[in-house]
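Trainee: I have a model to go through. Can we take it in short turns?

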Amino acid sequence: MTLAEFWPLCLRRLSDTLTEQQFRQWIAPLTVGEEDGVWVVYGKNQFACNMLKNQFAAKIEQVRAELAPQQSAFAFKPGAGQAYAMAESGAADAGYKDTADTAVEQKSDVPPSENVRSLSKKSAQEILAARLKSLPQEPKPAAAAKTEEPKAAVGKINEEVRREAEEARYQKTNLSPDYTFETLVAGKGNRLAAAAAEAISESPGTNYNPFFLYGSTGLGKTHLVQAIGNELLKNKPDAKVRYMHADDYVRSLMVAARNGTFDAFKQQYKQYDLLIIDDIQFIKGKDRTMEEFFYLYNHFHNEKKQLILTCDVLPAKIEDMDDRLKSRFSWGLTLELEPPELEMRVAILQKKAESAGVKISEEAAFFIANLIRSNVRELEGAFNRVSASSRFMNKPIDIDLARESLQDIIAVKHKVITADMIIFETAKHYRIKPAEIVGKKRTRNIARPRQVAMSLTKELTNLSLPAIGAAFGDRDHTTVMHGVKAVAKLREEDPELAQDYEKLLIMIQN
């Protein structure tokens, strides 16, 4: 099958499976071509190509695997190629039928060569416009009928203007259209933060200002805070929103210092109604940056403009951060994102599969979710690997395919866990030294982490109680037994310790 035969069928299939808005906005404007034997889909710009890769590549590849399995995967790049007409309804299901021949059968009085030529000149946009025109409409007066065609042309132009404006908006705000509340999977680890985020998007700058979100990498902080920006813009298109990484803020300040443009630098950030800064800990230790951000913070707070910050730790635990900023970071609402529980991880995988247009068995979803426990980003990465294998091998995602695709991760997960490893991770979590855990001190801030580490060693290794005692500074096995029982009781009575224990359990196992 040639590209000229395939693409009209693909357009038809996408038109039947996507929403009308998705097809009109992202698929209809596409052109295609062939470079060195590789089929290429051309987007209008890099932004459009990124959207294609993230949202629609899997659907296009699914059609290719069905209709042209002998052809390698598509490439996506900015540029312009050939526009082809969308095949008639039902042609995509017919498989390999030539759309040009179909057109000839429908218009026998037109020479075949002329028919194919006119077909190739039409774009998918034009086909879509024709389809919209063919929908049943209310009878119109004769005067209105005369102006129908000009209005359709104006509508098409307005749609193109709207689409370009939307692309410009995402480039200006630096938000990703993928990060919305609709694509967010809520669970025990992020339910409170998600509820607060939705409240902020409805009424920014009022109750939760600043909104400080912290947690380990890969738990979905960026998705959640960008969803606030996207929701606010959906409700208030004129709102001035900006998402940025703390490194970008530091760099822009350095440029202002080099060029002597501090006034412009300050005004640039004061204009926003919502400012989202990821990984705010990256400004620590930079005195001038912290000073400027202190003044910016005060401006947002006094003007009731919304400030959203993310970090990997609590504000009070950010080392080398200005104490005034630490205090102000805690003025609003501070929440932690926790590692997703099993049910949430399974739901994330199922939602990813639905978005990618692939099917995943429940057994395979549970297998992957049990394998990747601590990090949403790693979970999505594992799914992408399995999904790619599914497309390339033309197999459904079952547990056998998942196991085959993730062999290297499985090998790493089955590493041997030692007492030294547990002692190191526990000491790191409680911000003490490993030597103190195995030492003689009995102060509460050391004795409690020591008991937690003993309990973890009992649970995660095959060591006997005497062997555990030996690993913890030659302690008696009765001391270990007492520590294990004490932690078991505290996990039922103290939610904070129970949370610490679960976090360490996940970190050590992963």
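Mentor: Start with a definition: buried means under 20% relative accessible area, exposed over 50%, and partly exposed in between (1.4 Å probe, protein chains only). The model is predicted: local features need pLDDT of at least 70, side-chain atom pairs count only at pLDDT 80 or more, and totals for chains, interfaces and linings use all residues. Residues are numbered from 1 along each chain as its sequence is written, and side-chain values use heavy atoms, with hydrogens and water left out.

Trainee: Is Gln71 buried or exposed?

Mentor: Gln71 sits in the loop between helix H3 (46-67) and strand E3 (75-78). Helices (H or I, at least four residues) and strands (E, at least two) are DSSP runs, numbered from the N terminus. Because its relative accessibility is 14%, Gln71 counts as buried.

Trainee: Which residues does Gln71 touch, not counting residues up to four places away in sequence?

Mentor: Contact means heavy atoms within 4.5 Å. With residues up to four places away in sequence left out, Gln71 touches Gly37, Val38, Trp39 and Arg64.

Trainee: How far does helix H26 reach from its first C-alpha to its last?

Mentor: H26 covers residues 495-509, 15 residues. The expected span is 1.5 Å times one less than the number of residues. That gives an expected 21 Å, and the helix is close to it, reaching 21 Å.

Trainee: Which residue caps the N-terminal end of H26?

Mentor: Look for a side-chain oxygen and the backbone nitrogen of Glu496. They lie 3.0 Å apart. The oxygen belongs to Asp494.

Trainee: What covers the buried residues of H26?

Mentor: The buried residues of H26 include Leu497, Tyr501 and Leu505. Their cover includes strand E8 (333-336), helix H21 (419-429), helix H23 (444-460) and helix H25 (477-493).

Trainee: Which residue meets Arg491 in a salt bridge?

Mentor: A salt bridge is a side-chain nitrogen of Lys or Arg within 4 Å of a carboxyl oxygen of Asp or Glu. Here the N to O distance is 3.0 Å, and the partner of Arg491 is Glu502. Arg491 lies in helix H25 and Glu502 in helix H26, so the pair ties together parts eleven residues apart in sequence. Arg491 is partly exposed at 30%, and at 36% so is Glu502.

Trainee: What separates Asp248 and Arg251 in helix H12?

Mentor: Their side chains meet in a salt bridge, 2.4 Å from N to O. Asp248 is partly exposed at 29%, and Arg251 at 46%. They are three residues apart in helix H12 (residues 246-259), so the separation is about one helical turn.

Terms used:
A polar contact is a pair of N or O atoms within 3.5 Å; within protein, one must be able to donate a hydrogen and the other to accept it, and residues adjacent in sequence count only if both atoms are side-chain atoms.
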